[in-house]
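Trainee: I am new to this structure and would like to go through it by question and answer. Please show it first.

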Amino acid sequence: MTEDAWFAGVDPGDTEATASRIREGSADAPADWPAAAVDSGFAADEDKYYERLRAASIEAARTAAAEAERADDKQLMHAVRAMDDAERTANELAERLGEWAGSLFEESGMGVDAARELAQREPQDSTEERVVSLAGRVADLADERDALREYVERRAPEVAPNMAEMAGPVLTARLVSLAGGLDSLAKKPSGTVQVLGAEDALFAHLAGRASSPKHGVIYVHEAIRGTRPQDRGSAARALAGKLAIAARIDHYSGDVRPEIHDELRERIETIRARAEEDDE
Amino acid sequence: MTQNQLPTGVERRSFDGRERLATRGKTVYGEPTDGEWRLWDAGRSKLGAMLELGMGTGLSGGESVLYLGAASGTTVSHVADFSGPTYAVEFAPRPVRDLVGVAEDRKNLFPLLKDARKPETYTHVVESDLDVLVQDVATRGQADVAVRNRQFLADDGRLLMAVKARSEDVTSDPGAVFDGVVSRLEDAYEILETERLDRFHSDHLGIVARPK
Ligand SMILES: C[S@@+](CC[C@H](N)C(=O)[O-])C[C@H]1O[C@@H](n2cnc3c(N)ncnc32)[C@H](O)[C@@H]1O
């Protein structure tokens, strides 16, 4: 019976081992574990026993929760893909709708906002009925995209806190999605992170048809967009380097490290200072 | 309403001119403090509501406790403030992150990321003969959870349980749901007291019971 205890046969000082026993073990029935631990020499007295139990249970709960949360990266991936699909489809349908509505109503505009207005109309015949109904679908689809975006914004900081802090929730989700998960993103070198999402351009380059792409989806980041064109390569390298580190921290430990964010800020400032020097 | 004594370590203190429950410990969720005492808000805690309503919890302070459905630790932090060893089970990973933080500020709180429907996954950690089983899982099959976790309680121990009617069945009348839960509980427990917690938590029933 005592051999089932979470502390049986493990070195009392080895919190990693005791924590994994807490996570994986099992016994037929509870028992007077504190007394058994003292008897077996695992702890000198009850106070010491509870002290060790506390350390091991905290470690076990922390790592188990972090692992379970990390599995959420797959949900984030589906959500951001669905968000992009909803966006693209809403725009495509809004365009079709705009053309159609333009042939019926004088004042109708283009795009999702126009679709929302159109959806409020009272249809006068069977043609208008179809157009107004389609407008309703477009508006719903746009609402769904907004709801998906909210979901992504809420979940990305939980799945990858450092990346979300550095790149914002949506870009984080896109990177996770392009890599196929946080675990694979954490294993990618920063050069790969830099061009994720630019695969087409990269293949063209490898086939000798184009120059090498400097950045993939990360180009939307302020660190790159806010830097003058001739320095964007350096900015993209710096950002990708820190994002790769952030992805590793998020995957392997999950705690927030303020210093990597400061380092990126400093690096980008240095790159931008060059432009000022050139101006002088 | 019988006014039962509060356990040692829980006191009524004055907050904004009102007498409210309080315990001594590090603050957890931004609750107001009065010296070293921190407010235990019965509106945010079913066990707090049971005490506030004067139910006969039998708590005197210093008990060993298994708490099922700890969430981010709001109530269990207060429990640990006035109890002995306190095991806190919660199966949702996100709140457990906060619960770990609460445990780090206390010496006697042991967080467990486990499913309360599967006690065999923590029988090797949680000791036997505990004084109190607190349960607030708000999930379908609440009575079953309490029955399965009976094994941790001493024969003269207490079950302090909050039942949420809507978790069992959203359509039925709460009274009927409570009757069903109580009758299932009676397989393993003798019911000592029940009281609706509506003043603080709508459609919740507080139950005090002891093992049969
Ligand atoms: C109403 S909340 C508890 C609030 C908490 N007792 C407090 O007052 O601070 C219910 C909790 O029970 C948890 N829960 C539900 N089913 C569970 C189960 N089978 N095992 C463990 N926890 C469960 C939920 O995840 C949720 O956090």
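Mentor: One term before we start: buried means under 20% relative accessible area, exposed over 50%, and partly exposed in between (1.4 Å probe, protein chains only). The model is predicted, so local features need pLDDT of at least 70 and side-chain atom pairs count only at pLDDT 80 or more, while totals for chains, interfaces and linings use all residues. Residues are numbered from 1 along each chain as its sequence is written, chains are lettered from A and ligands numbered from 1 in the order in which they are written, and side-chain values use heavy atoms, with hydrogens and water left out.

Trainee: Is E263(A) buried, partly exposed or exposed?

Mentor: E263(A) forms a salt bridge (a side-chain nitrogen of Lys or Arg within 4 Å of a carboxyl oxygen of Asp or Glu) with K242(A), and the closest N and O atoms are 2.9 Å apart. The pair links distant parts of the chain, with E263(A) in helix α14 (residues 258-279) of chain A and K242(A) in helix α13 (residues 232-252) of chain A, 21 residues apart. Helices (H or I, at least four residues) and strands (E, at least two) are DSSP runs, numbered from the N terminus. K242(A) is buried at 18% relative accessible area, whereas E263(A), at 36%, is partly exposed.

Trainee: Which residues of chain A does A186(A) touch, leaving aside those up to four places away in sequence?

Mentor: A186(A) sits in helix α9 (residues 182-186) of chain A and is buried, with a relative accessible area of 4%. Its C-alpha atom is separated by 8.4 Å from that of Y252(A), 66 residues apart along the chain. With contact meaning heavy atoms within 4.5 Å, A186(A) touches A247(A), R248(A), H251(A) and Y252(A).

Trainee: What percentage of the residues of chain B count as buried?

Mentor: The secondary structure of chain B comes to 6 helices and 11 strands. Among contacts in chain B with a separation of 6 or more, 56% are between residues 24 or more positions apart. Of the 212 residues of chain B, the part that counts as buried is 56%.

Trainee: Which residues do salt bridges that share partners join into one network?

Mentor: One salt bridge in chain B is between the side chains of R106(B) and D81(B), at 3.0 Å from N to O. R106(B) lies in the loop between α3 (93-104) and β7 (109-113) of chain B and D81(B) in helix α2 (residues 74-82) of chain B, so the pair ties together parts that are 25 residues apart in sequence. R106(B) counts as buried, at 5% relative accessibility. The network joins E31(B), R38(B), D81(B) and R106(B).

Trainee: D155(B) forms a salt bridge with R150(B); is D155(B) buried or exposed?

Mentor: The closest N and O atoms of D155(B) and R150(B) are 3.3 Å apart. R150(B) is buried, with a relative accessible area of 19%. At 61%, D155(B) is exposed.

Trainee: Which residues form the salt bridge across the interface of chain A and chain B?

Mentor: The contact takes 31 residues from chain A and 28 residues from chain B. Across this interface the rule finds 1 salt bridge. The closest N and O atoms are 3.3 Å apart, and the partners are E104(B) and R62(A).

Trainee: Which helix gives the most to the side of chain A that touches chain B?

Mentor: Helices α1 (15-24), α2 (33-39), α3 (46-70) and α6 (126-159) of chain A each supply at least two residues of that side. With 12 residues, the helix that gives the most is α3(A).
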